[in-house]
Amino acid sequence: SRYVVRSLLFFCRAPGVWAMWRLSCAVALLWHDLPGIRSLSLDDLPANIKEVEYAVRGEMDQIAQGLAEQLKNKNHGLPFDEIVPCNIGNPQVLGQPPITFHRQMLSLLTNPELQTKDLYAQDVHDRARNFSEATRFGAYSHSQGIPLLRQQVASFIQKRDGTKVGVVDAESVYLTDGASPGVKTSLGLLISGTSDGILIPVPQYPLYSAAITNYGGTAVGYYLDEAKGWSVSTQEIQKAIDRFKVDHPNGRLKAFVAINPGNPTGNVMSRREMEDIVRLCDKHKLVLLADEVYQENIWSDRKWESFRKVAGEMKSKVEMISFHSISKGYYGECGLRGGYMQLEHIDPKVAEQMYKMVSVSLCSNTLGQAMTASVMNPPIKGDASFESFEGERIKILESLQRKSVMLAKRLNGLPGMSCQPITGAMYAFPRIELSKAAIAAADEAGKKADLFYCIALLNATGIVVVPGSGFKQEPGTWHFRITILPSEDKLPALLDRLEKFHRDFMSKYGNSEL
């Protein structure tokens, strides 16, 4: 190699002792440049690691970071002055304020000296004192979470689902750093190799495909029906099951992932869809993984219900693990990393292994645990903070609902684009009709067509979205995911920029609707 030649020339020109010294330096420099010499190279990594993809923080995010650095220069030369991260459900980065009650309570936990001062409403101090008596928040906790806080979460689930479907045991609750660690731990218990299949919706949240790939399992996609508001059909699920059996004749389906409300699709399941899923899991002996982190984000008249409640009312004993988080809803505390998973009808011996696996990480962060317990049990009528809390909650939810309608309406008004109603969660997932010329240009650039579109959008407007291919999608279709989270005063201008870009793009590459 050129490094070897350069080093030899370097050595040959030098006399005597200097030659030996320079040769040793050259060898040292070459040692980590020659292939196969490094202790850990890309080739040494497990194939599963290299195959993992997580589009939400993928190429689009990396390009956006580069542009953000460029914007720090006064003469940046870009056609926009800010990056707008619509690629991820991160409410507070786009201006959503935190809920005062919970943050005040948290401030008292992090600085116990303040608990003796008359700073906040009495119920804030009472909760902080109650939580502080249960633990020292700078210490490790029980691996499942602080017992008092787990009981608080169990009480929330009980109130939400009612008493007719059974009592929630706090021992079935695991407090986690957001919902994601619970999902990954659960999948780790289910997968031992490629013969283990996990049914996931398509489109899906890429945490699932990434974790399944990492653990060496097989993601088995069942397509949602876009034309019917991204609904779930047993026919599509059966097709996915049949495909898996053909491809893996000795394989076994282990679990069914249901994301409700849907991410990235923004749909809310009907009671019939949920009952069909429970029956299917009973029939095929599948563990139901119920991702319910957007349960507070409902923008239609359709009532949201938990899978635990639906299964209980059906008298089903389906094995189930449910996930929830403080990152979404009206609270949006993504960075504090709090959430839970709750086990229903899981074999006690399996639960012991679950405990063993979470104990490897000692415990989830204790402030996230406290915020989870607090968020799940907000002030109620009669509490000193209730009026101010309720005002903040309603203001945030009403704004999100208005933005969900505005976003879908504007996207549906664009040529070559269609968007299903956003009935839940925080996203639109519009479909874009790309011409052969656009697809050819994407191929030439070495990009998938929707990624090519999204990169062009980012470079022209500073708006960061995620291409649909990162979530998986029906072959031959193209989409992107965009959040409803920009503030109401900024969203119209943002959509104006998106519209101008889209019309220019479609005009450049040809579209019969223009």
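This passage describes the overall fold of a predicted protein model and then some of its local features. In this predicted model, local features need pLDDT of at least 70 and side-chain atom pairs count only at pLDDT 80 or more, while totals for chains, interfaces and linings use all residues. Residues are numbered from 1 along each chain as its sequence is written, and side-chain values use heavy atoms, with hydrogens and water left out.

The protein contains 18 helices and 14 strands, where helices (H or I, at least four residues) and strands (E, at least two) are DSSP runs numbered from the N terminus. Its radius of gyration, taken over C-alpha atoms, is 26 Å, close to the 24 Å given for 514 residues by the globule rule (2.2 Å times the number of residues to the power 0.38); the protein is therefore as compact as a globular protein of that length. Along the principal axes, the C-alpha atoms fill a box of roughly 85 × 65 × 60 Å. Of the 514 residues, 52% are buried; buried denotes under 20% relative accessible area, exposed over 50%, and partly exposed in between (1.4 Å probe, protein chains only). Among contacts (heavy atoms within 4.5 Å) with a separation of 6 or more, 71% involve residues 24 or more positions apart.

Helix 11 comprises residues 271-284. Buried positions in helix 11 include Glu273, Met274, Ile277, Val278, Leu280 and Cys281. The buried residues of this helix pack against helix 10 (234-247), strand 5 (252-259), strand 6 (287-291) and helix 12 (307-313).

Most residues other than glycine have a negative phi, and most peptide bonds are trans. Lys285, which follows helix 11, has a positive phi near 55 degrees. This lysine lies in the loop between helix 11 and strand 6 and is exposed, with a relative accessible area of 66%. Trp230 also has a positive phi, of about 60 degrees, although it is not a glycine. Trp230 is located in the loop between strand 4 (218-223) and helix 10 and is buried, with a relative accessible area of 4%.

Cis peptide bonds form a further topic. One joins Val202 and Pro203, with omega about 5 degrees; Pro203 is in the loop between strand 3 (196-202) and helix 9 (206-215). Another leads from Asn260 to Pro261, with omega near -5 degrees, and Pro261 is placed in the loop between strand 5 and helix 11.

How values were computed
Expected span 1.5 Å × (residues − 1).
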